Amino acid sequence: RYGRVYGKIITKRMSFGKMVRKLSKDKYPTVATFVQDVNLIFLNCRAYWQSNDTDGIIVTAANFRYRV
């Protein structure tokens, strides 16, 4: 169930595991492309949990990324 709902909300998936695989295969030509994937993880987190986060902790944590 999680995967189907997640897939409807998130169109471009990214995970730290996928990033590790990309790193090991030298798929990041620049630091900027690496940072884009990190940002995508946090954006996806906010988008998915925006309506599912009853106490706001997950969205607050995802928003913290943008205050640093």
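Predicted model: local features only at pLDDT ≥ 70, side-chain atom pairs only at ≥ 80, totals over all residues.
Now the layout. The protein has 4 helices and 0 strands, so from the N terminus on, the order reads α-α-α-α. Of its 68 residues, 22% count as buried.

Confidence is highest in helix 2, residues 16-24, with a mean of 97. Confidence is lowest in helix 4, residues 57-64, where the mean is 68.

Next, the inside. In soluble globular proteins, nonpolar side chains tend to be buried together. The largest nonpolar core in this model has 6 residues: Met14, Met19, Tyr28, Val38, Leu40 and Ile41. Helix 3, residues 31-49, gives the largest share of this core, 3 residues.

Last, one helix pair. Two packed helices are described by the angle between their axes and the distance between the axes. At what angle do helix 2 and helix 3 pack? The angle is about 170 degrees, and their axes are 10 Å apart. Angles over 145 degrees count as roughly antiparallel, so helix 2 is roughly antiparallel to helix 3.

Which residues meet there? From helix 2 we have Phe16, Met19, Lys22 and Leu23. They meet Phe34, Asp37, Val38 and Ile41 in helix 3. Met19, Val38 and Ile41 also belong to the largest nonpolar core.

Key: Residues numbered from 1 in each chain as written. Heavy atoms only, no water. Helix = DSSP H or I, 4+ residues; strand = E, 2+ residues; numbered from the N terminus. Buried < 20%, exposed > 50% of the residue type's maximum accessible area, 1.4 Å probe, protein only. pLDDT = per-residue confidence, 0-100. Core = buried A, V, L, I, M, F, W, Y, C linked by side-chain atoms within 4.5 Å. Axes fitted to C-alpha atoms, helices over the stretch in contact; angles between N-to-C directions. Parallel < 35°, antiparallel > 145°, perpendicular 65-115°, else oblique. Contact = heavy atoms within 4.5 Å.
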